[in-house]
Amino acid sequence: MNELAASGILMDGFSSVLGWLMIALLVFKVYAFIDAAIRRDDAYRAVDKQTKAFWLIVLGLAVAVGFLPVPLMGQMLNLIGLVAAIVYMVDVRPRVRAITPQRGGKRLGGGKRLGGKFGGKKDDRNHMGPYGPW
């Protein structure tokens, strides 16, 4: 009887951990979808990484499958959607962000400020501390 109770406690704890993991993965996929939606369409073409519509469809399906309670096939589709979100976040997003101007004249890529239209006035001061830029 005690072994059965211990087994039930372990299974409840394990299912709770898996439930939180599934929620975290769903939030990750939703974040990837929202990020893909706010990026400019021409940036995807400029970095030669499919199109914005392609990534919105793939990531939208990944999010939709995350909400579906399909037992066996749903888990496989959920895993495929997770892989698509990881590919977007690791490969596509950094390249699209690198060519998209940041708000407020923030530094891009090699630490150079954008001049003219996006950067505002140039700051000639050297912001180097003993351990690097500050």
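Which residues of helix 3 are buried? They are Lys52, Trp55, Leu59, Ala62, Val63 and Val65, where buried means under 20% relative accessible area, exposed over 50%, and partly exposed in between (1.4 Å probe, protein chains only).

Welcome to this structure, which is a predicted model: local features need pLDDT of at least 70, side-chain atom pairs count only at pLDDT 80 or more, and totals for chains, interfaces and linings use all residues. Residues are numbered from 1 along each chain as its sequence is written, and side-chain values use heavy atoms, with hydrogens and water left out.

Helices here are DSSP runs (H or I, at least four residues), numbered from the N terminus. Helix 3 has 16 residues and reaches 23 Å from its first C-alpha to its last, close to the 22 Å expected at 1.5 Å a residue; the expected span is 1.5 Å times one less than the number of residues. Between helix 2 (41-46) and helix 3 (52-67) runs a loop that holds Asp48. Asp48 counts as exposed because its relative accessibility is 68%. From Asp48 to Val92 the C-alpha distance is 9.3 Å, although 44 residues separate them in sequence.

**An aromatic cluster**

Rings of Phe, Tyr and Trp (its six-membered ring) pair if their centres lie within 6.5 Å; planes under 30 degrees apart count as stacked, over 60 as edge-to-face and the rest as tilted. This rule gives 2 aromatic pairs, listed here:

| Pair | Centre distance | Plane angle | Type |
|---|---|---|---|
| Phe54 and Trp55 | 5.3 Å | 80° | edge-to-face |
| Trp55 and Tyr88 | 5.7 Å | 55° | tilted |

Trp55 lies in helix 3 and Tyr88 in helix 4 (residues 72-99), so their pair ties together parts that are 33 residues apart in sequence. Phe54, Trp55 and Tyr88 form one aromatic cluster. How accessible is each member? Phe54 is partly exposed at 34% relative accessibility, Trp55 is buried at 8%, and Tyr88 is buried at 0%.

Leu68, Val70, Met73, Met76, Leu77, Leu79, Ile80, Val83 and Val87 make a nonpolar surface patch of about 810 Å². Patch residues have over 30% relative accessible area and no salt bridge, and nonpolar side chains (Val, Leu, Ile, Met, Phe, Trp, Tyr) are joined within 5 Å. A salt bridge is a side-chain nitrogen of Lys or Arg within 4 Å of a carboxyl oxygen of Asp or Glu. Leu77 belongs to helix 4 and is partly exposed, with a relative accessible area of 38%.

Technical notes: Helices (H or I, at least four residues) and strands (E, at least two) are DSSP runs, numbered from the N terminus. Patches are made of residues with over 30% relative accessible area and no salt bridge: like charges are joined within 9 Å, nonpolar side chains (Val, Leu, Ile, Met, Phe, Trp, Tyr) within 5 Å. Accessible areas come from the Shrake-Rupley method with a 1.4 Å probe; for residues, only the protein chains shown count as cover.
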